[in-house]
Amino acid sequence: MGGDKGGAVSGGSGDDTRDAALSPSSGGELGPDDVCRRSEDVVSREISGELIIVPLVAGIGDMDEELFTLNETGRAVWRRLDGERTLGEVAAELAAVYEAGEDEVRADVVGLVGELVQRRMVVVVGRG
Amino acid sequence: MVVAETSQYAVDGGEVRLTGADLAEFLAAVLGRRKPFRFVAHGASMYPFIRDGDAVTVGPLPAAGSLVGDVVAFRQPDGAGLVIHRVVARHGDRCLLRGDNTVAADGFVAESDILGVVVAVERRGRAVRSHRRLGPAAAGLSRRGWLRPLVAVTRRAAGCVRRRA
């Protein structure tokens, strides 16, 4: 089993979305016009108020690998990554919910989602 | 092999505590994607095939087959946690489960509470091959409580043969 492990993510979504995850639709950095969704290669559950994400590394859910957690605002972003809203729309919703400046929230959302894309927990599916 | 104890797992920048019931949640979710799930098991009820601290990989249930003789992961009926034991008999859609190293069977468990089948066991990073070698015969031996003594005798005999050679 250990021999199956590697850096590449396999299974789940098709090659098209995996390629998209490696290079956002803009061809460069992730932006507010990008539309993202949660990867098929993760399993997440809310436990005791925390969202815990288990990546399916190399096609296996492995509790020996590092798990990930998201705080409350991270969870709010995560729930909205449905493959339909742009990141800008997600930011606008959250800015309204948290009564915060939209520019600041947009930067935070793009930063967080960019990190999740790099970790292959989120894939970019298009541009709004 | 009761794995219901709360265990620590590494997360980004710290640790998180998950109970056996939480682990069952993740196991069911991963197997629902038809992917295997690997975690460290605790307890001695499946000794010697699975030992405390062994990493077990649980795969999705096969589409067909009785499961008798297989080592499976199942949700305790009271929802308390996750257990890995052997299917020693089957009546309809209910399976009789027992640990190879326990004095009594767990009782019948609904097939719907059986989440997956153990497909690999690793000890100190190396694969343990023996857990499936006996196949369905293991069910009868385990049901009578003979499996652990038989394995002990077999290993002792194998040791004698090696020493003579």
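**Helices, sheets and the A–B contact in a predicted model**

In this predicted model, helix 3 (residues 87-98) of chain A packs against helix 4 of chain A at an angle of about 130°, and the two axes lie 8 Å apart. The crossing of the two helices is right-handed. On the helix 3 side of chain A, the residues that make the contact are A:Leu87, A:Gly88, A:Val90, A:Ala91, A:Ala92, A:Leu94 and A:Ala95. Helix 4 of chain A answers with A:Glu102, A:Val105, A:Arg106, A:Val109, A:Val110 and A:Val113. Sorted by class, this contact comes to 10 nonpolar, 1 polar and 2 charged residues.

Three strands of chain A form an open sheet in the order 6-1-7, with antiparallel pairing. Strand 6 (82-86) and strand 7 (122-127) of chain A sit at the edges with a single partner strand each, so one side of each has no neighbour in the sheet. From one strand to the next, the twist averages 30°. Strand 1 (residues 34-38) of chain A is joined to strand 6 of chain A by 2 bridges in the antiparallel sense, and A:Val35 has A:Thr86 of strand 6 as its bridge partner. Helix 4 (residues 102-118) of chain A packs on this sheet, where it touches strand 1 and strand 7 of chain A. The direction of helix 4 makes about 115° with that of strand 7 of chain A.

Strand 3 of chain A has several partners. Of its 8 residues, 6 are buried, which leaves the strand mostly covered. Strand 2 of chain A runs antiparallel to strand 3 of chain A, with 6 bridges between them, and A:Val43 stands opposite A:Val54 of strand 3. The hairpin of these two strands has 2 residues between the strands, and A:Ser48 there takes a positive phi near 50°. Strand 3 of chain A also pairs with strand 4 of chain A, again in the antiparallel sense, over 2 bridges. Here A:Leu56 stands opposite A:Gly61 of strand 4. That hairpin, too, has 2 residues between its strands, with A:Ala58 at a positive phi near 50°. Strand 5 of chain A joins in as well, running antiparallel to strand 3 of chain A over 3 bridges, and A:Leu51 has A:Leu70 of strand 5 as its bridge partner.

In all, 20 residues of chain A are in contact with 21 residues of chain B. Strand 2 (42-47), strand 3 (50-57), strand 4 (60-62) and strand 5 (68-70) of chain A each supply at least two residues to the side of chain A that touches chain B. Strand 3 of chain A gives the most, with 4 residues. By class, this side of chain A has 10 nonpolar, 5 polar and 5 charged residues. Strand pairing also crosses between the chains: strand 4 of chain A and strand 3 (residues 37-40) of chain B pair in the parallel sense over 2 bridges. In that pairing, A:Asp62 has B:Arg38 as its bridge partner.

As for chain B itself, its secondary structure comes to 3 helices and 10 strands. From the N terminus on, the elements run β-β-α-β-β-β-β-β-β-β-β-α-α. Chain B has 165 residues, of which 38% count as buried. Among contacts in chain B with a separation of 6 or more, 60% come from residues 24 or more positions apart.

Note on methods
Residues numbered from 1 in each chain as written. Chains lettered and ligands numbered in written order. Predicted model: local features only at pLDDT ≥ 70, side-chain atom pairs only at ≥ 80, totals over all residues. Contact = placed C-beta atoms within 7 Å. Nonpolar A, V, L, I, M, F, W, Y, C, P; charged D, E, K, R; others polar. Pairing = 2+ DSSP bridges. Axes fitted to C-alpha atoms, helices over the stretch in contact; angles between N-to-C directions. Buried ≥ 20, exposed ≤ 12 C-beta atoms within 10 Å, placed from the backbone. Left-handed = near helix turned anticlockwise from the far one by under 90°.
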